[in-house]
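Reader: I have just opened this one and would like to go through it slowly. Could you help me find my way around?

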Amino acid sequence: MSDEQELGITESKQYNTGEWYAEVVQKAGLANYGPEGMSGFIVTRPRGYALWESIQNYLDGEFKKTGVQNAYFPLFIPESYLEREKDIVEGFDPEVAWVTHGGHEELEERLAVRPTSESIIAPYMARWVRSHRDLPLRVNQWASVVRWEATETKPFFRTKEFLWQEGHTAHETRDGAWDETMTRLSQYQSLYEDVLAIPVLRGAKPEHDKFPGADTTTTVEALMPDGKSVQAGTSHYLGTSFAEAFDLTYTTEDEDEEPAHTTSWGLSWRSLGALIMTHSDDQGLVLPPTIAPEQVVIVPIWQADTQEKVLEYAEDIAEDLEDAGVRVELDARDERNPGFKFNEWELKGVPVRFEIGPNEVDDEVVTVVHRPDGESVELDRENIAEAVQEQFDEVYAKLYAAAEENLEENVREASARNEILGTIGQHGGYVKAPWCGDEACEEEIKDQIAAEIVMVPLNDEDAEIHDGEDCAVCGDDAEETAYFAKSY
């Protein structure tokens, strides 16, 4: 097999989405599968980790603007800590990995490998809070968690160990905690829409699918091109249940003791899965300029008699871009022809390519090619560093528009059970339907077509549709709108 054949994507995004996705992840140099015998684990390669670092840097900056401080808590959580919040134990028990031995000695108490950290962070927040003057308290940690899920795994979308951030806050009032919950949800929405070029829907999880122990779980949901939804980030208002379980109390101005209202919120590298799945194509990875490790690749094209002047011109442009803060790669390898380089950098998702040959040198221009659609424009050499920013904006707009069109075309309404089943079966996407609030109605759809309620509206905007309407599944009085979809 030639290098060109090894380099290219052989699967179809439209017809073999799962195989295509796995091929892009590996051939674009993002990740490898873990060791044999460790199904569900991946090795994140530097290129993949660079994408996660970009997400991390963006969110970390946004969090700190709103008073969040980073901390770190142990990977292992004593079983007795988990048991203090019974909903956590019941909600995560099937997924928890346990440590029972240290060296050759059996431990006196089992240690859970962190499935989530409420049960170890809350006790320490309780130590740090004494009075209302200590509130609000906001901490976040960047860490990995382990959930021994039995379902089919997929790199970044669903792995047994994954990277994420989890924020935890404590407040005097419900209103303060709810505002915090919404602030974090908005920051997640901004990450997807302003950095990853992916529009999302905001909502809440139905009562039966909220975070164990939470009062309300809010979510941003992203629609993938194959019609499945991704739970893209969640922000939970926990009420006072965790505070009561872990004695997280404060004294008021009147010297009364009250439990704090707490929140938790998290976003994982599932965001990378959504990024890859949304924008990439049958040529490989596609990245928006906001997050691409290389925003521009310069490919010089020369013959023996023009090599020196072409390279000098290309190097000069690369230097200008670097000085302007553009992430640029000059591919001056002489053992590869330009066609191979084009294909390789397209596979790796670089959003903008500069092609520079002797004609460009003579005319003092640059040929610019957009990765998403191959559109080619010619720019003057002068002020190229400023001009390329407009090209970045155009590429981003193209990616966002395509994802937005996919979302807008795939939110449909249904008023009967057979309409929900038929619409999701034929088109995928989201189906909005009036719902009575009973989990049994979701189970009926799930059993038939493996779709579930991924969210309900956060407010009363859709309440008017329920006047005189029946649940689309059982026919009882409808109480709210449910968004049904298949999901990752």
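**A pocket and a sheet**

Reader: Which element gives the largest share of the lining of the second largest pocket?
Author: Keeping in mind that this is a predicted model, the largest share comes from α13, which gives six residues to that lining.

Reader: And how many residues line the second largest pocket, and which of them lie nearest its centre?
Author: The lining of this pocket has 18 residues, and K13, T278, H279, A402 and A403 are the ones nearest the centre. Two or more residues of the lining come from each of the elements α9 (270–279) and α13 (384–408).

Reader: How do the residues of that lining divide into nonpolar, polar and charged?
Author: Ten are nonpolar, while four are polar and four are charged; the space in this second largest pocket is about 380 Å³.

Reader: Changing topic, what is the order of the strands in the open sheet of five strands?
Author: The order is β16-β15-β17-β18-β19, and the pairing is mixed. At the edges stand β16 (328–330) and β19 (376–380), each of which pairs on one side only, and from one strand to the next the twist averages 25°.

Reader: In what sense do β17 and β18 pair?
Author: Strand β17 (residues 352–356) is antiparallel to strand β18 (residues 365–370), with four bridges between them, and V352 is found opposite H370 in β18.

Terms used:
Residues numbered from 1 in each chain as written. Predicted model: local features only at pLDDT ≥ 70, side-chain atom pairs only at ≥ 80, totals over all residues. Heavy atoms only, no water. 1 Å grid on protein atoms, 1.4 Å probe; cavity = no way out; pocket = protein on both sides within 12 Å on 5 of 7 lines; lining within 4 Å. Points joined across faces, edges and corners; volume = space filled by probe spheres on them. Nonpolar A, V, L, I, M, F, W, Y, C, P; charged D, E, K, R; others polar. Pairing = 2+ DSSP bridges. Axes fitted to C-alpha atoms, helices over the stretch in contact; angles between N-to-C directions.
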